[in-house]
There are 2 protein chains.
Amino acid sequence: MTYDRLIVGLDIGGTTMKAGVVTDAGRLLAEPTIVSTEPEQGQTIGLRKMVNVIRDAIDAAKVDLEQIQAIGVAAPGPLDLRTGMMLEPPNLKPWRNVPVRQFIADDFQKPTAFQNDANAAAYGEWWCGAGRGAGSLVMFTLGTGIGGGIVLNGRIVEGAHSHGGELGHIKVELTNARPCGCGQRGCLEAYVSAPAIVARADEALTRSDDRSTLRNLLPLSAQAVFESAAAGDLVAEGIVDETARYLAMAAANAMHTIDPEVIVFGGGISLAGEPFLQRIRKHVSEFAFPTPAQKCRIEAAKLGAHAGIIGAAGCARHLDPDSRLHAGSLG
Amino acid sequence: MTYDRLIVGLDIGGTTMKAGVVTDAGRLLAEPTIVSTEPEQGQTIGLRKMVNVIRDAIDAAKVDLEQIQAIGVAAPGPLDLRTGMMLEPPNLKPWRNVPVRQFIADDFQKPTAFQNDANAAAYGEWWCGAGRGAGSLVMFTLGTGIGGGIVLNGRIVEGAHSHGGELGHIKVELTNARPCGCGQRGCLEAYVSAPAIVARADEALTRSDDRSTLRNLLPLSAQAVFESAAAGDLVAEGIVDETARYLAMAAANAMHTIDPEVIVFGGGISLAGEPFLQRIRKHVSEFAFPTPAQKCRIEAAKLGAHAGIIGAAGCARHLDPDSRLHAGSLG
């Protein structure tokens, strides 16, 4: 079979790097190839691993390098999108100032896009996921950290200093604000990340005299909290509802800033599914004006674990195939 | 003198309507013409007043209607930007579903832009004010209410449901959240609008045993609070600093969402000037990541009381002069 335009997407994470060949319709040609990141081996080896996992993905898809039009790379922040560098990623120590885009573009001689992983996931959901066809989209990626991405008029809001869509670090509390991993206080991430959910549940158990089933599940995980809530445990239920309320507040703030057509929740917690989304929707009307509260769609992400690869590929699909500049994160 | 392109800007407010003829460089040709809005006389008379004050402005500028290329209108929300209507403006009762854009376009047979007043002010500051030349701008307009506007890639972020840039209603507190005039709780406006500043100062006086000079100034005004703070009164100083802190939090949230090149503060409170901006800048580093906190410029608005007129005119400057459609808030 022949394809008009094939793109490789590479998703760099703290634990693994994953790559896949993606069609112009956002479909993976084969299961992604995976390699351990092992950042402690240093960034020179890391860059070589990136190139190798891309080559493996092209092999796995049974296509030739000549058929690849462009390469898209998603990486965890902080990044300098203008120069295509990873700066000092906290989960990939000791990497520092890694020229990812240039290295890959030089090695493959292909136009290469470079994007924040949460931005890439948002772009993927807009391109061919839960926000397909929407004029604008805001996405929250929920996990060990909280990522965010904004797509407006078909373009990622990268920001003037590569900090657009850092939605995990909008503030949701000023009073008794919880400390965040970023060093500040009161960030959304400090309330709804998986470790923050566990911390709030632990505190609730300390405060409460309830015979919560959570006491049998120590040490807790966010998943255990969600499962116990679904099974009717009141302490767990309180934590889950509070989590939905914080996310609703963040969604309402996005409505009063961007006012997107759709807000997408992805990542681990989103596995809690439709009942959790319903809780978020219910709380949104407490925080947002009636019109956006009613009209803005709130959806679960559709691309799942492949959002980074597909989104990264999406970011590269409009790059000029004849370009030798390899410039610009979105061309 | 002849001009390439002249535009009329009309700024509709609850108390007055103001109009002026603006050059392609954002300069008013004459002092604006002003008429009382008197909304209680009804919207039919209101629409006729709009047309008349525009005609008066053209006369005052000593130009002919033929020289006018387009008309821009700024109005208080809620609006339907798509249809060009004012919906149910709380400060212009009993107006309801007023077809402002269509009425003006039909009367003058000119392409007519229609925009939220805070959005228009933001566009004006971007076009020829404090944000001139910036790639992106977020503006907060501080007064009896708190308005907001976002300009990205030269376009106002109107939102999918005309609620883009409603920055007065992002949430800044969840705990003991103050009620807002919008019916929700915890909005920025409920903390930093002029009446909210007075309310917080009144409460501080009730709590405090201090011999605050504010006690001699009852009933308070926001201006009195700022002046007493500048004169060294500790209670007033606390309120002003808390106000700056809330605005810094809102600015940091804008940095972690839009990450603009510049954030502009306009409206009444901004008269507090550079010392107040310095307080905001200081608090921003408490809430925002180091890069945007250091690099995002925080500036006072430059267009002052004419921001609405000039901004409205700016919104109309790219409308096709031959268009008979008069469509689109920004063309």
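## Polar contacts and salt bridges

Between chain B and chain A of this predicted model, there are 22 residue pairs in polar contact, both partners at pLDDT 80 or more. A polar contact here is a pair of N or O atoms within 3.5 Å; within protein, one must be able to donate a hydrogen and the other to accept it, and residues adjacent in sequence count only if both atoms are side-chain atoms. Salt bridges are another story: the count between chain B and chain A is 0, taking a salt bridge as a side-chain nitrogen of Lys or Arg within 4 Å of a carboxyl oxygen of Asp or Glu.

## What the interface is made of

On the chain B side, β9 (146-152), α7 (234-255), α8 (273-287) and α9 (290-295) each supply at least two residues that touch chain A. Helices (H or I, at least four residues) and strands (E, at least two) are DSSP runs, numbered from the N terminus. The top contributor on this side is α7(B), with 5 residues. By type, the side of chain B that touches chain A splits into 19 nonpolar, 16 polar and 10 charged residues; Ala, Val, Leu, Ile, Met, Phe, Trp, Tyr, Cys and Pro count as nonpolar, Asp, Glu, Lys and Arg as charged, and the others, Gly among them, as polar.

Chain B and chain A each put 45 residues into the contact, meaning heavy atoms within 4.5 Å. Together they bury about 3600 Å², 59% of it on carbon and sulfur atoms; buried area is the accessible area (1.4 Å probe) that two parts lose on being put together, summed over both.

## Symmetry

Rotate by 180 degrees, with 0.0 Å of shift along the axis, and chain B superposes on chain A (RMSD 0.0 Å). The two copies are thus related as by a two-fold rotation axis. E173(B) is the chain B residue that comes closest to the axis, at 2.8 Å (C-alpha). Also, 100% of the interface residues of chain B are interface residues in chain A too, so the copies meet through the same surface.

The peptide bond from L218(A) to P219(A) is cis, with omega near -5 degrees, and P219(A) sits in the loop between α5 (194-207) and α6 (222-230) of chain A. In chain B, the bond from L218(B) to P219(B) is cis as well, with omega near -10 degrees.

N176(A), in the loop between β10 (155-156) and α4 (189-192) of chain A, has a positive phi near 50 degrees despite not being glycine.

## Confidence and ground rules

The model scores ipTM 0.93 and pTM 0.94. Chain A has a mean pLDDT (the predictor's confidence in each residue, from 0 to 100) of 93, and 96% of its residues reach 70 or more. Residues 324-331 of chain A fall below 50. Where pLDDT is low, the predicted coordinates should not be read in detail.

Residues are numbered from 1 along each chain as its sequence is written, with chains lettered from A and ligands numbered from 1 in the order in which they are written. Local features need pLDDT of at least 70, side-chain atom pairs count only at pLDDT 80 or more, totals for chains, interfaces and linings use all residues, and side-chain values use heavy atoms, leaving out hydrogens and water.

Methods:
Copies are superposed by least squares on the C-alpha atoms of residues with pLDDT of at least 70 in both.
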